[in-house]
Each structure stands twice: as structure tokens, then as C-alpha cells.
Amino acid sequence: MKKLLLLVILVTIGFIPIKSAAQVQVSINIGSQPLWGPVGYDYVDYYYLPEIESYYYVPSRQFIYLSNGSWVFSLNLPPRYRGYDLYTGYKVVMNQPRPYMYFNNHKVKYAKYKSNHSQGVIARSNNPKYYVVKGHPKYMKAGNGGKGKGNNLIKKGGGQHKGHGGHGHSK
């Protein structure tokens with residue numbers, strides 16, 4: 001009798017609808033990535049630039065670097081790195097909130113990439129998925145008939161925001 005009761009309970013439970021908590025989320029931000037960004041990534045939050053020990057935050061298009069012990073958020077690189085070629089320097093993709101908080105680890109871990117200039121960049125890619133990046137030589141905006149559109153490759157901007165390591169950029 002106990003076995004029959006257990007079987008009835010199990011069968012009854014099997015017919016109760018249970019909501020699935022599993023969700024699949026695919027994020028793509030190729031069109032927001034800079035022309036000098038590395039190929040091969042559909043989504044990027046930050047780049048770490050080992051040669052100049054700085055970060056770049058893709059959503060706000062800001063460089064993040066240390067200055068006098070504080071993290072500075074700027075649309076431009078600091079004057080000491082203005083001659084740095086973003087197209088040839090190595091970029092490490094980082095998809096975690098505020099990676100600059102782990103700078104001391106990144107500085108050591110990625111030091112080996114300081115002289116690596118072999119990384120392909122979006123501006124030189126022939127992969128059609130990168131044609132949505134404004135400024136790409138084969139840039140295609142929705143509705144322009146698939147024709148390439150020329151754009152300036154370099155945008156100038158100004159302004160700075162000084163932070164103290166707590167500037168929140170979390171997902």
C-alpha cells in the first residue's frame with residue numbers, strides 16, 4: 001500500500017507544470033566597438049592595453065588610466081600616450097565590471113603582450129559582420145542599399161572625469 005501511495009504521489013507531481021528558470025541571453029555590441037578593436041569578439045565591455053597600462057570602456061568610449069594614484073576616465077589618452085598607435089598595440093578583452101580594480105594582476109599577467117603587434121583589428125577586417133562599425137572602409141548602415149560609406153576614422157573629443165577607483169560600470 002505504501003508503494004502504491006508513493007507511486008501515485010510521484011505520478012501526480014510529474015503532471016504539475018514547473019516554470020523553467022533557464023534563460024539564454026545573447027549580447028552583441030560589434031557596432032559600438034572602436035575601429036582599432038581586435039577582431040573575433042561579438043561583445044566587449046573593456047579592453048586592457050598592456051603597452052600603456054590603460055583600459056578602454058567600450059559603452060562610454062572612455063580611456064581609463066592611473067594618474068597620481070587616481071583612476072581618470074577620459075575620451076582621450078593622457079598626453080604621455082598621445083603618440084601611441086591603438087591599431088598596432090595589443091588589446092586584451094575583459095568582460096567583467098571595473099577590471100581596473102584588478103590592475104596589479106593584469107599588469108603582471110599581460111606584460112608578455114607589450115611587444116605583440118600581430119593582432120588583427122576591425123578596421124582592416126574583411127568579415128562582413130564588422131561592416132556595421134562606423135568608419136569601417138566597407139561601412140554599411142541599414143537602408144543604404146549595401147553600398148560602402150566613407151567616414152572619418154578618428155573622432156576627437158574632450159572632457160575628463162576623475163575617479164578614485166569606484167566609478168561604477170557594472171552590467
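This is a predicted model: local features need pLDDT of at least 70, side-chain atom pairs count only at pLDDT 80 or more; totals for chains, interfaces and linings use all residues.
I'll start with the cores. The largest nonpolar core has 21 residues. Trp 36, Tyr 47, Leu 49, Phe 63 and Leu 86 have the most contacts inside it. Two elements each give two or more residues to this core: strand S1, residues 46-49, and strand S3, residues 62-67. As a general point, nonpolar side chains in soluble globular proteins tend to be buried together.

Take Phe 63 from that list. What is Phe 63 in contact with, once its neighbours within four places in sequence are left aside? Its partners include Trp 36, Leu 49 and Leu 86, which are also listed among the residues with the most contacts in the largest core. Phe 63 also touches Tyr 55 and Tyr 56, and then a run from Val 72 through Phe 73, Ser 74, Leu 75 and Asn 76 to Leu 77.

Next, the aromatics. The structure holds 16 aromatic pairs. One of them joins Tyr 46 and Tyr 57, with ring centres 4.5 Å apart and 35° between the planes, a tilted arrangement. Why does this pair tie together separate parts of the chain? Tyr 46 sits in strand S1 and Tyr 57 in strand S2, residues 54-57, so the pair links parts 11 residues apart in sequence. Tyr 46 counts as buried because its relative accessibility is 0%. Tyr 57 is buried too, at 11% relative accessible area.

A further tilted pair is Tyr 110 with Tyr 113, at 6.3 Å centre to centre and 35° between the planes. Here, Tyr 110 is buried, with a relative accessible area of 14%, whereas Tyr 113 is partly exposed, at 23%. The cut-off for buried is under 20%.

Both pairs belong to one aromatic cluster. Besides Tyr 46, Tyr 57, Tyr 110 and Tyr 113, that cluster contains Tyr 48, Tyr 55, Trp 71, Phe 73, Tyr 90, Tyr 100 and Phe 103.

Last, the aspartate. Where is Asp 45? Asp 45 lies in the loop between helix H1, residues 2-14, and strand S1. Is Asp 45 buried or exposed? Asp 45 is buried, with a relative accessible area of 5%. Its side chain makes a polar contact with the side chain of Tyr 43, at 2.6 Å.

Notes. Residues are numbered from 1 along each chain as its sequence is written. Side-chain values use heavy atoms; hydrogens and water are left out. A nonpolar core is a set of buried Ala, Val, Leu, Ile, Met, Phe, Trp, Tyr and Cys residues joined through side-chain atoms within 4.5 Å. Buried means under 20% relative accessible area, exposed over 50%, partly exposed in between (1.4 Å probe, protein chains only). Helices (H or I, at least four residues) and strands (E, at least two) are DSSP runs, numbered from the N terminus. Contact means heavy atoms within 4.5 Å. Rings of Phe, Tyr and Trp (its six-membered ring) pair if their centres lie within 6.5 Å; planes under 30 degrees apart count as stacked, over 60 as edge-to-face and the rest as tilted. A polar contact is a pair of N or O atoms within 3.5 Å; within protein, one must be able to donate a hydrogen and the other to accept it, and residues adjacent in sequence count only if both atoms are side-chain atoms.
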